[in-house]
Amino acid sequence: MLEAKSKPVILIRDLDSFEDLSQVGAVEKEVWGLADHDVIPMTITIATKAAGSIWLGAFDGAKLAGFAFAFPGLEHGQLMLHSHMLAVRDAYRDSDLGFKLKLGQRERALALRIQEMTWTFDPLQSKNAHFNFAKLGVVSDTYKIDFYGPETSSVLHRNSTDRLWVRWAMTSRRVQQRLQGKDQRSEIMDTLSRLTPLIRFNGDGKPVKTDLETALGRQRIAIEIPSDIATVEQKDLALAREWRLATRWAFTEALKAGFFVAEFCRTVRGQQGPGTYVLEKGALEEYMPELARGAIDAR
Ligand SMILES: CC(C)(COP(=O)(O)OP(=O)(O)OC[C@H]1O[C@@H](n2cnc3c(N)ncnc32)[C@H](O)[C@@H]1OP(=O)(O)O)[C@@H](O)C(=O)NCCC(=O)NCCS
């Protein structure tokens with residue numbers, strides 16, 4: 001598939017040759033600042049490729065501008081794809097390449113008759129939250145504390161490695177609408193201004209907790225996050241840590257009480273303001289019947 005954007009022309013295609021796959025490490029190092037011991041070893045790259053994992057690249061000529069890696073796994077006992085890595089080099093961001101790599105993964109998954117994809121992301125990263133919930137239409141009912149351990153060599157893993165485990169029901173109406181750029185969230189956006197967030201971004205950039213019992217009694221909960229946690233981490237790691245602990249508390253309490261994460265809206269109080277997660281009370285599988293359900297939970 002040839003991507004005819006103004007310039008450069010980027011080609012989304014499978015990573016096929018040894019030369020293709022051997023470029024992945026350099027992108028990992030650039031995007032996450034990984035040390036050698038945290039980069040995927042070539043032997044694993046080659047073995048996963050040979051065993052049926054999906055390795056997709058975005059190419060600027062011969063140069064790998066970004067990639068996506070997904071391996072087969074089980075979700076509630078059913079075959080799915082777990083997307084372990086998605087990365088776009090800084091110079092190529094915000095041009096829909098990440099989106100096109102996800103579309104490529106989806107196309108290949110559906111050709112294999114796999115309808116669900118999972119992945120994880122740091123819920124404090126507002127860009128990823130927007131990308132995952134608003135652009136792609138994921139949902140989540142699982143929060144993982146220190147998923148990769150307390151830290152790794154990644155520059156994105158300094159403030160612990162908590163993750164939301166997200167599920168992408170690739171043939172669902174919701175996902176198809178999001179992929180067509182249709183935003184069906186006006187009802188939620190309207191109610192946001194009337195909700196008292198469980199965690200609120202206050203005037204001086206600190207997280208403020210509100211009453212848990214009152215929040216849990218409602219049908220809908222909001223959790224706010226800063227618009228740019230990377231800058232907070234650079235300027236004030238203690239404050240970034242406060243955000244981690246506050247949001248960890250809010251997500252785990254709400255999910256434990258039977259809520260799931262339905263949406264993320266990136267601005268609630270103007271451009272410089274925080275972003276907001278919206279959690280709904282109820283069973284995720286009822287909200288989205290296309291999701292795998294079953295007695296076996298591989299996690
Ligand atoms: C996540 C990543 C792959 C996205 O790649 P990309 O090519 O920039 O993605 P896209 O251009 O398709 O989409 C980016 C979206 O984020 C939006 N965005 C950019 N900066 C943002 C910010 N600070 N806050 C909120 N949204 C932001 C863009 O506007 C765009 O959304 P829009 O099309 O609705 O306007 C890339 O940022 C990356 O490699 N990040 C580091 C590694 C990582 O986090 N991997 C993913 C883990 S889930």
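Tutor: Histidine 76 counts as partly exposed because 17 C-beta neighbours lie inside 10 Å of it; with C-beta atoms placed from the backbone, a residue is buried if 20 or more others lie within 10 Å of its own, exposed if 12 or fewer, and partly exposed in between. The model is predicted, and local features need a pLDDT of at least 70, side-chain atom pairs count only at pLDDT 80 or more, and totals for chains, interfaces and linings use all residues. Residues are numbered from 1 along each chain as its sequence is written.

Histidine 76 sits in the loop between E4 and E5, and its phi is positive, about 50°, although it is not a glycine. Helices (H or I, at least four residues) and strands (E, at least two) are DSSP runs numbered from the N terminus, and the chain has eleven helices and 13 strands.

Domain 1 covers 1-112 and domain 2 covers 115-299, and their C-alpha centres lie 24 Å apart. Domain 1 gives 23 residues to the contact and domain 2 gives 20, where two residues are in contact if their C-beta atoms, placed from the backbone, lie within 7 Å. On the domain 1 side, at least two residues each come from strand E4 (63-75), strand E5 (78-88) and helix H4 (97-111), with H4 supplying the largest share, seven residues. Sorted by class, this side of domain 1 holds ten nonpolar, nine polar and four charged residues; here Ala, Val, Leu, Ile, Met, Phe, Trp, Tyr, Cys and Pro are nonpolar, Asp, Glu, Lys and Arg are charged, and the others, Gly among them, are polar.

E5 and H4 also lead us to the ligand. A shell of 21 residues surrounds the ligand, the closest being Arg93, Gly98, Phe99, Phe121 and Lys127; a residue is near a molecule or strand if its C-beta atom, placed from the backbone, lies within 6 Å of it. E5, H4, strand E6 (116-121) and helix H5 (126-136) each give two or more residues to this shell, and the largest share, six residues, comes from H5. The ligand lies between domain 1 and domain 2, because both give residues to the shell around it. That shell has nine nonpolar, five polar and seven charged residues.

H4 itself has 15 residues and spans 21 Å from its first C-alpha to its last, close to the 21 Å expected at 1.5 Å a residue, the expected span being 1.5 Å times one less than the number of residues. Its buried residues include Leu97, Gly98, Leu101 and Ala109. Just after H4 comes arginine 113, with a positive phi of about 65°, in the loop between H4 and E6. Arginine 113 counts as exposed because it has 7 C-beta neighbours inside 10 Å, whereas histidine 76, where we began, counts as partly exposed.

Methods: Domains from an automatic or database assignment.
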